[in-house]
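Student: Please take one part of this model and go through it closely, with the cut-off behind each term. I would rather have one connected account than a list.

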Amino acid sequence: MSVRYPVIAITGSSGAGTTSVTRTMQQIFRREEIEPVVVEGDSFHRYDRVQMKNEMEKAGIEGNHHFCHFGPDANLFEELEDLFRRYGDNGSGRTRRYLHDEQEAAPYGQPPGTFTAWQDIPADTDLLFYEGLHGAVVTGKIDVARYTDLIVGVVPIINLEWIQKLHRDRTARGYSSEAVVDTILRRMPDYINYICPQFSRTHINFQRVPTVDTSNPFIARHIPALDESFLVIRFANPKGIDFPYLLSMLHDSFMSRPNIIVVPGGKMELAMQLILTPMVLRLMEQRRRAA
């Protein structure tokens, strides 16, 4: 395979914990002196914060109570596909930033919840790194996954995902529990149709499974800690994966299927480093050969 400009996508739903994988990737990039162009999935939403609120109210009046950030109507899937395609071809493309809060917005002199202007991505980057909801999305019109060289899914079991979202949105965003539950219910059809199918297209999935009771996620007082979890790691193609090495390096890990290794949650970041570093270096070697 000839990969001149690699595209790496970390994909997972809201509250799934994609930042853990992103943090690991950033450490790999620094250590290996790799210069990425970083793309946040939020920057390809169709509407800013105020517009999205208005569109949701409009959709509700029209009887659509499932309009949300997970589906195609609220996102620029065509533009995302074009970015991945153009970058893979020649290292070019256009992107922008979504300004989540006052701190991010201040340097731009804009209110939070808005987008910066579209800009050409910097020249001479080594790879494109995407973190967001739709790194492997496919619809009848677009196929983002076909232009991605490494797709990593971050998929906690659904109750844990809801617990993480409830805690994040209540603590960091000031939402009530009722408002978060309404969001979960509104998103469910698009979650099933556009988010879940992506995890069958990933090259590797990291799924955190708690070992404590999460039967009712809506009353959970705490997010289960890493040491209260296992990490189920699924490889789409186990060929070339050195499982004996991983088992020796990750104490108390075990194989549950020929393409799945189960790791104690406390060793999550070490597991990600051991697994993702050679994958990234392989893409960079293919890039050098192609160049």
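Tutor: Sorted by class, the residues lining the second largest cavity are 6 nonpolar and 4 polar, with no charged residues; here Ala, Val, Leu, Ile, Met, Phe, Trp, Tyr, Cys and Pro count as nonpolar, Asp, Glu, Lys and Arg as charged, and the others, Gly among them, as polar. The model is predicted, and local features need pLDDT of at least 70, side-chain atom pairs count only at pLDDT 80 or more, while totals for chains, interfaces and linings use all residues. Residues are numbered from 1 along each chain as its sequence is written, and side-chain values use heavy atoms, with hydrogens and water left out.

The lining of this second largest cavity is made by Gly41, Phe44, His45, Asn75, Leu76, Phe77, Leu80, Tyr130, Leu133 and His134, and the space within has a volume of about 50 Å³. A cavity is a set of points, on a 1 Å grid over the protein atoms alone, where a 1.4 Å probe fits but cannot get out, and lining residues have an atom within 4 Å of a point. Over the whole structure, the search finds 2 cavities of 30 Å³ or more.

The largest cavity, for its part, has a volume of about 100 Å³. Of the 10 residues that line this largest cavity, Phe70, Glu161, Trp162, Ile184 and Tyr191 lie nearest its centre. By class, its lining divides into 6 nonpolar, 1 polar and 3 charged residues. Helices H5 and H6 each supply at least two residues of that lining, a helix being a DSSP run (H or I) of at least four residues, numbered from the N terminus.

H5 spans residues 158-171 and H6 residues 177-195, and their axes come within 10 Å of each other and cross at roughly 135 degrees. H5 and H6 are therefore oblique to each other, since angles under 35 degrees count as roughly parallel, over 145 as roughly antiparallel, 65 to 115 as roughly perpendicular and the rest as oblique.

From H5, the residues Ile158, Glu161, Trp162, Lys165, Leu166, Asp169 and Arg170 meet Ser177, Val180, Val181, Thr183, Ile184, Arg187, Met188 and Tyr191 of H6, where contact means heavy atoms within 4.5 Å. Divided by class, this contact between H5 and H6 has 8 nonpolar, 2 polar and 5 charged residues. Glu161 and Trp162 of H5 belong to this contact, as do Ile184 and Tyr191 of H6, and these four are also among the residues nearest the centre of the largest cavity.

A pocket is an open set with protein on both sides within 12 Å along at least five of seven lines. Helix H8, residues 268-290, gives the most to this pocket's lining, with 4 residues. The lining of the second largest pocket as a whole has 7 nonpolar, 4 polar and 3 charged residues.

Notes: Axes fitted to C-alpha atoms, helices over the stretch in contact; angles between N-to-C directions. Points joined across faces, edges and corners; volume = space filled by probe spheres on them.
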